[in-house]
Amino acid sequence: MSYKTVDVTHNDAFRDILEAKYGVRYVPVVEIGSNGVFKAVTEIGLEHLKAALAVDISSHA
């Protein structure tokens, strides 16, 4: 699995993208997906990330 960190600190355009895609303008946001289909984890806590990864992995099996 690869990942990319995107700093939105001084970039309103990136925050606009977060708002358009997921309805949030804050970070952290972890985007998970492949083949052009992505889901965002916007809640803080490892349990939310683990749950999203479990769904993503099982949907691609």
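**View 1. The chain follows the pattern α-β-β-α along its sequence.** The protein chain has two helices and two strands. Helices (H or I, at least four residues) and strands (E, at least two) are DSSP runs, numbered from the N terminus. This is a predicted model: local features need pLDDT of at least 70, side-chain atom pairs count only at pLDDT 80 or more, and totals for chains, interfaces and linings use all residues. Residues are numbered from 1 along each chain as its sequence is written, and side-chain values use heavy atoms, with hydrogens and water left out.

**View 2. Strands β1 and β2 form a hairpin.** Strand β1 covers residues 30-34, and strand β2 covers residues 37-41. The two run antiparallel, joined by five bridges. Strands pair if DSSP finds at least two bridges between them. I32 stands opposite K39 in β2. Two residues lie between the strands. In the turn, N35 has a positive phi of about 55°.

**View 3. H48 sits in helix α2.** This helix spans residues 46-59. Is H48 buried, partly exposed or exposed? H48 is partly exposed, because its relative accessible area is 29%. Buried means under 20%, exposed over 50%, and partly exposed in between (1.4 Å probe, protein chains only). Leaving aside residues up to four places away in sequence, H48 touches V41 and E43. Contact means heavy atoms within 4.5 Å.

**View 4. The surface of the protein chain.** The chain exposes about 4,900 Å² (Shrake-Rupley method, 1.4 Å probe). Carbon and sulfur atoms supply 59% of that area. Of the 61 residues, 16% count as buried.
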